[in-house]
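User: Please take a close look at the aromatic rings in this structure. Which rings pair, and how are they placed?

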Amino acid sequence: YGRGNVWLAGDAAHVHSPLGGRGMNMGIADAVALASAVAQDQLSGYEAQRRPVARLWVWANYVLSQLAMGQGWKARAVRWLAALAIRGLAFLLGPRFAELAFQSMTASAVKTRKVPA
């Protein structure tokens with residue numbers, strides 16, 4: 001993700017579809033990891049830490065894109081089953097469904113991480 005005095009983070013290091021809404025979160029995580037690597041003078045560790053995460057998300061994003069926008073019967077079946085499952089959960093959980101869904105989404109995006117002083 002870098003060489004010499006030039007290091008990349010966020011969309012400059014890994015570009016993917018906005019589907020899934022992880023771009024900003026990954027960019028922030030990259031910035032935190034890069035700042036930590038600079039503070040510890042271990043820039044090689046930054047790439048080793050972030051590249052597998054980016055590679056996994058770019059692959060998952062591709063799969064999600066194919067399912068969300070695919071026109072074949074398999075993609076349509078997956079979308080129909082997902083919608084059915086979400087409606088079933090909403091019915092079973094009632095008003096708590098939105099609250100639990102929001103907590104789940106924000107918990108993964110707001111994990112705290114200690115940065116060395």
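Analyst: This is a predicted model. Tryptophan 7 belongs to one aromatic cluster together with Tyr1 and Tyr46. Within the model the number of aromatic pairs comes to 2.

One of the pairs joins tyrosine 1 and tyrosine 46: the ring centres are 5.8 Å apart and the planes stand at 75 degrees, so this pair is edge-to-face, the cut-off for that label being over 60 degrees. Tyrosine 1 sits in the segment before strand 1 (2-3), while tyrosine 46 is part of helix 2 (residues 43-69), so their contact ties together parts 45 residues apart in sequence. Tyrosine 1 counts as buried at 10% relative accessibility. Tyrosine 46 is also buried, and its relative accessible area is 0%.

Tyrosine 46 also pairs with tryptophan 7: here the centres lie 6.2 Å apart and the planes are at 70 degrees, so this pair is edge-to-face as well. Because tryptophan 7 lies in strand 2 (residues 6-7) and tyrosine 46 in helix 2, this pair ties together parts that are 39 residues apart in sequence.

Taken together, tyrosine 46 in helix 2 pairs with tyrosine 1 from the segment before strand 1 and with tryptophan 7 from strand 2.

How values were computed: Residues numbered from 1 in each chain as written. Predicted model: local features only at pLDDT ≥ 70, side-chain atom pairs only at ≥ 80, totals over all residues. Heavy atoms only, no water. Phe/Tyr/Trp six-rings, centres within 6.5 Å; stacked < 30°, edge-to-face > 60°. Helix = DSSP H or I, 4+ residues; strand = E, 2+ residues; numbered from the N terminus. Buried < 20%, exposed > 50% of the residue type's maximum accessible area, 1.4 Å probe, protein only.
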